[in-house]
Amino acid sequence: MLSSVVARRLVSGVCQAAMRPAFTGLVPSRGYRGDTADDTRADLIEIPLPPWDERPGEAIDIKKRRLLYESRKRGMLENCILLSLFAKRYLNTMTASQLYQYDRLINEPSNDWDIYYWATEAQPTPEVYQGEIMDLLQEFAKNRDQEQRLDAPSLEYLEKESQ
């Protein structure tokens, strides 16, 4: 009679072997988007997003609070950290024009990775998003002071500003 440990190992090994393809040459390998010259991108799905609305009658203090929230709640952690720290530093001093640029930047593009790549200058920024805010964000992303940026800031600083 087999011990329970040996039986588990045997069953586990059989299950793992059954999940492995019999011939590795038959399983297509897939690189990242754009890795191959003959990539037709036929397997990509475009998810339509609602268009960005400018909100022309929005009060400045409401806009700042909304942008603070939207800076903190991103689709990826890298942007959550980068944009929330950026908002903490600059949002309260932005002019109406700068708030418009920032609102458009973080809400119009459909892909958070695009914003991250533009901010870190890994990819060129489209002309429509170039301006004071993108320049500020790119300089902020360089982190010349080498401050530790591992998490979004706590919201305690909001209480200190209101006092």
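Me: Is R66 buried or exposed, and what is its relative accessible area?
Reply: Good place to start, with one caution: this is a predicted model, where local features need pLDDT of at least 70, side-chain atom pairs count only at pLDDT 80 or more, and totals for chains, interfaces and linings use all residues. Residues are numbered from 1 along each chain as its sequence is written, and side-chain values use heavy atoms, leaving out hydrogens and water. Buried means under 20% relative accessible area, exposed over 50%, and partly exposed in between, with a 1.4 Å probe and protein chains only. R66 is buried, and its relative accessible area is 12%.

Me: Which residue does the side chain of R66 meet in a salt bridge?
Reply: A salt bridge here is a side-chain nitrogen of Lys or Arg within 4 Å of a carboxyl oxygen of Asp or Glu. The side chain of R66 meets its partner at 2.7 Å, N to O, and that partner is D103.

Me: How many residues apart are D103 and R66, and where do they sit?
Reply: Helices (H or I, at least four residues) and strands (E, at least two) are DSSP runs, numbered from the N terminus. D103 is buried, with a relative accessible area of 1%. The salt bridge between D103 and R66 has a distance of 2.7 Å, N to O. This pair links distant parts of the chain, with D103 in helix α4, R66 in helix α2, and a separation of 37 residues.

Me: Which parts does the pair of R89 and E147 tie together, and how many residues apart are they?
Reply: R89 is partly exposed at 41% relative accessibility, and E147 is partly exposed at 32%. Their side chains meet in a salt bridge at 3.4 Å, N to O. R89 lies in helix α3 and E147 in the loop between α6 and α7 (156–162), so the pair ties together parts whose separation in sequence is 58 residues.

Me: K64 has no salt bridge; what is the nearest side chain of opposite charge?
Reply: K64 lies in helix α2 (residues 60–72). Lys and Arg count as positive and Asp and Glu as negative, while His and the chain ends are not counted. Leaving aside residues up to four places away in sequence, K64 touches L91, N92, M94 and L99, where contact means heavy atoms within 4.5 Å. K64 is buried, and the nearest side chain of opposite charge, 8.6 Å away, is that of D61.

Me: What kind of aromatic pair do F86 and F140 form?
Reply: Rings of Phe, Tyr and Trp (its six-membered ring) pair if their centres lie within 6.5 Å; planes under 30 degrees apart count as stacked, over 60 as edge-to-face and the rest as tilted. F86 is buried, with a relative accessible area of 0%. The centres of F86 and F140 are 5.7 Å apart with 70 degrees between the planes, and the pair is edge-to-face.

Me: Which residues form one aromatic cluster?
Reply: Being four residues apart in helix α3 (residues 77–90), F86 and Y90 are separated by about one helical turn. F140 is buried too, at 3% relative accessibility. The cluster consists of F86, Y90, Y102 and F140.

Me: Within what arc do the buried residues of α6 fall?
Reply: What covers the buried residues of α6 includes α3, α4 (96–107) and α5 (112–119). The buried residues in α6 are I133, M134, L137, Q138 and F140. They line one face of the helix, because, seen down its axis, they fall within an arc of 160 degrees, an arc being that of the directions from the helix axis to the C-beta atoms. The value for α6 is therefore 160 degrees.

Me: And within what arc do the buried residues of α5 fall?
Reply: The cover over the buried residues of α5 includes α3, α4 and α6. In α5, the buried residues are D112, I115, W118 and A119. They line one face of the helix, because the arc they fall within, seen down the axis of α5, is 125 degrees.

Me: How many helices and strands does the protein chain have?
Reply: Of the 163 residues in the protein chain, 29% are buried. Read along the sequence, the pattern is α-α-α-α-α-α-α. The secondary structure comes to seven helices and zero strands.
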